[in-house]
Amino acid sequence: TMSEPADWEVQRDEAKAAGDAAFRAKNFAHAIESYTLALSVDPDNAKLLSNRSAAYLAKNEKSNALHDAQKCVEIGTMGNKGYSR
């Protein structure tokens, strides 16, 4: 049987879902908050960094977007997606 996800995984996934919903609603500040919360428990998650980078870019916070995109590329698990941000 599959084991239950750890508490931090549940927290990360809930925060990511909240961020995704906020992003779709164009509430980029809330999306950034949610992705930041998710990253606080899983700091090297390239998908979260990529999503937060996109939210920063949507808010025209280019230096923050670039920082997350560069970290995403360093982690290297997202293929070329980090470059596209």
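Leaving aside residues up to four places away in sequence, Leu48 is in contact with Arg12, Lys16, Tyr35, Ala38, Leu39 and Asp42. These contacts belong to a predicted model, in which the chain has a mean pLDDT of 90 and 87% of the residues reach 70 or more.

Leu48 also belongs to the largest nonpolar core, which has 14 residues, and within this core Leu48 and Ala31 touch the most other members. Two or more residues of the core come from each of helix 1 (7-24), helix 2 (28-41), helix 3 (46-58) and helix 4 (62-75). In soluble globular proteins, nonpolar side chains tend to be buried together.

Helix 2 deserves a separate description. With 14 residues, helix 2 reaches 20 Å from its first C-alpha to its last, which is close to the 20 Å expected at 1.5 Å a residue. Its residues can be sorted as follows.

| Part of helix 2 | Residues |
|---|---|
| Buried | Phe28, Ala31, Ile32, Ser34, Tyr35, Ala38, Leu39 |
| Exposed, on the face turned away from the buried side | Glu33, Ser40 |

Where do the buried residues of helix 2 lie when seen down its axis? They fall within an arc of 165 degrees, so they line one face of the helix. Among what covers these buried residues are helix 1 and helix 3.

Where pLDDT is low, the predicted coordinates should not be read in detail.

Technical notes
Residues numbered from 1 in each chain as written. Predicted model: local features only at pLDDT ≥ 70, side-chain atom pairs only at ≥ 80, totals over all residues. Heavy atoms only, no water. Core = buried A, V, L, I, M, F, W, Y, C linked by side-chain atoms within 4.5 Å. Buried < 20%, exposed > 50% of the residue type's maximum accessible area, 1.4 Å probe, protein only. Helix = DSSP H or I, 4+ residues; strand = E, 2+ residues; numbered from the N terminus. Contact = heavy atoms within 4.5 Å. Expected span 1.5 Å × (residues − 1). Arc of directions from axis to C-beta. pLDDT = per-residue confidence, 0-100.
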